[in-house]
Amino acid sequence: MSVAATRRLTTAQALVRFLAAQYTERDGVRHRLIAGTWGIFGHGNVAGLGQALVEYREAMPYHQGRNEQAMVHAAVGHARQLDRLSAQAVTTSIGPGATNLVTGAALATINRLPVLLLPGDYFASHTADPLLQQLEHPVEADVSVNDALRPVSRYFDRINRPEALLASALKAMRVLTDPAETGAVTLALPQDVQAEAYDWPEEFFADRIWRVRRPAPDPAELADAVQLIRSAARPLIVAGGGVHHSEAEGALKTLVDATGIPVASTQAGKGALRHDHPADLGGIGHTGTAVSDELARTADLVIGVGTRYSDFTTASGTLFQHPDVRFLNLNITAFDAHKLAAGTLVCDARAGLTALAEALPGHRVDAAYETEYRAGKARWEETVEAVFRADDDGAVPTQTQVLGALDAVVGDEDVVINAAGSLPGDLHKLWRARSPRQYHLEYGYSCMGYEIPAALGVQQAAPGTPVWALVGDGTYLMNPTEIVTAVQENLPVKLVLVQNHGYASIGGLSESVGAERFGTDYRHRVADGSFTGAPLPVDLAANAASLGMDVLRARTVRELREALVTARASTRPTCVYVETAPPSAALPAEAWWDVPVAEVSAREAATGARKAYERAVADRRHHL
C-alpha cells in the first residue's frame, strides 16, 4: 500500500501555497482567485504569514499598506474592477490591526464583493495568556476581538489546529467564488498555529478551478415574467450592480433595443447602458435624474435587475406611486429577488436578460411612451450641459463645473471612483458614463476614505488605465495614507481633491432636518461655541505633496482643465487640487429620503423641518 505524499510546512506557509493555486473560471476565461496579499505586520502575523510571504514571494505578490481599513478598500476596488472573478487577501496583526478591518469588511459584504481577511489572533494554546493586545472575556475564553468580524463576514472560522485549515480553506474559497453568497471571508489565525508545522497532503496544493456559475431562470418563473412584461404599458428597468458583476451589459442592451423599455440605474448600476443610449435615463431615486424619477412615479411595472433596492433607490418607499404598480426582480439571490413582494427570476443577470429577450419576440412598448421618455432625457441633458458649462474661464469653479471639466477630459476607458459626501449625488445625476467600468461609486456603505485605496486596487487590476479618485476635504482628512503606497508601488492614480471647507452633503442634510448645519464646517470655533468663523488654515495640497504626490493647484476653470489634462498624461501619482465656489441650488433632490426629524423642539428650524417631514412620509407605500 502506497503512502500518500505529504509536505511539511507551517500553517501559514501552507495557506500561502494553497491560495497561490486557486483559480476562477467563467465563460471559459480563467483568473487567479487570490491575486495578491495586502499586509501590515505586527506580533500577530509577522512570524507566521510574514515569514510565509517571504518564503513564497514569487508565488504570492505582496502589497504593503498603511492602514488596515484602507487595505480592505483596495482589495474591494480590485475585485469590483474584475467583476468579482479575482480577489485579494488582507493580513493584519492582532488587536487594533484586526479590529480596523471591520469597516472594510462591512463595506465588502454589503456590496457583495469578495475579500479574504487573515487577521492574527491570540495563542490557541493559551500558553501566553493574556498576551499583548488580547481582550480577556470573563466567561468566554474562546472569544477574541476578531469575533467582531463575524456579523460582517459571509464566512468566519478560527483555525485553532493546523489540520482545521484543510476543510476551512475550501469553504472560504467556495464563498468567495459564489456570486450569490460572496462578501468578506475571515480566517482568524492564532499566531502560534501560524508557525506550527504539519504534514500537509500534496493534493491541498494542486491547482484548483472554481467555476463561477450562471444559473438559468426557472421556466415557470420566466413564463410569469414574460406575461408581466407583455401586460405592462409603462415598464421601467432599474439596473443595479448585478448587471456589471455578471457582465450582462450587452444582454441588457439587446433586450432594451428590442423592446424599447427604458433603463434607470442605481449608483452601483450606472453605466449598464452608455449615457448616450436613447433608453438610458441616468440615476434613479433620491439622487436620480428628473426623467428617471418622473417615470418611476408612473411606472406600472418595475423590473429590478441585480439591485437590492436601498432606500436611496426607492426614495424610502415613496418613489413608485402608480396605484397598480407591480415588481419583477431578476437577481442571483432569492433574498433580493423577493423584495417589494415582486415576481421573481432567481438567476444570473446575463442568463435572465438573454432569456427574456428570446421570449419576447416582436414585443415593444408603445411609441408614445418612447417619445415621452426620450423627450425627458433630452431635457435632462440640457440641465447637465448648463451646470457643467462655465461662462467665465477665469472664475473659481463650482463643484459641478469640476465634474464638467473632468467629463471633457476622460476617455471611454477611464475609471472614476467616489464614495461619500456631496459628490455622489452630483455624479449620479450628472455623470455621463461611457463604459461599464467607468463609473465606480461605493454607495452600499457610503464609506468616507474608500476612494484613494480603491483607486490603488483598480489600478492594480487595470494597469495602463487612467484611474481617478474624486475626494472632498472631509474624506481626504480621514484616510490619505495610501498615497504613500501609490508612490511606493508606482501606481499612477489621479486624485482630484475638492476643497469646500466642510461636510457639504451632511451640511445640507443638517439644514433640511432642523439641525442648522451644526458641526459640519471646517472653521474656527467662535464665542457661542459654533464653528462659523474663518476657514481653517489647512493646506491639503501641501499635505498630498509631502506624502509623495505630484500636485497641481487649479484656481480657475481654465487652470483646472489644464491640470486635468496634465494629470491624465502623467505616469506618477498626481493630485489636482481645487477650491470650489459655493454650490448653487440648481440641483435639488428629485425624490425624498427618510431621515427622521425631531418630533418636538424649542427651535423653529426643527419644528418647520418636522412639518415638512410629516408631509413627505405620508407618501410612503408598502408594496404588498
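## Basis of the description

Helices (H or I, at least four residues) and strands (E, at least two) are DSSP runs, numbered from the N terminus. The model is a predicted one, in which local features need pLDDT of at least 70 and side-chain atom pairs count only at pLDDT 80 or more, while totals for chains, interfaces and linings use all residues. Residues are numbered from 1 along each chain as its sequence is written, and side-chain values use heavy atoms, with hydrogens and water left out.

## Overall form

The chain holds 24 helices and 23 strands. Its radius of gyration, taken over C-alpha atoms, is 25 Å, close to the 25 Å that the globule rule (2.2 Å times the number of residues to the power 0.38) gives for 624 residues, so the chain is as compact as a globular protein of that length. Along the principal axes, the C-alpha atoms fill a box of roughly 80 × 70 × 55 Å.

Of the 624 residues, 57% count as buried, where buried means under 20% relative accessible area, exposed over 50% and partly exposed in between, with a 1.4 Å probe and protein chains only. Among contacts (heavy atoms within 4.5 Å) with a separation of 6 or more, 76% come from residues 24 or more positions apart.

## Backbone exceptions

Most residues other than glycine have a negative phi, and most peptide bonds are trans. A cis peptide bond, with omega about 5°, joins Asp129 and Pro130, and Pro130 lies in the loop between strand E7 (115-121) and strand E8 (155-158).

Asp83 has a positive phi, near 55°, and is placed in the loop between helix H3 (68-81) and strand E6 (87-92); at 8% relative accessibility, Asp83 counts as buried. Asn490 also has a positive phi, near 55°, in the loop between helix H20 (482-488) and strand E21 (494-499), but at 49% relative accessibility Asn490 counts as partly exposed.

Two strands pair if DSSP finds at least two bridges between them. Strand E20 (residues 467-472) runs parallel to E21 and is joined to E21 by five bridges, and Val471 has Leu497 as its bridge partner in E21. Six bridges join E21 to strand E23 (residues 574-579), again in parallel, and the bridge partner of Leu497 in E23 is Tyr577.
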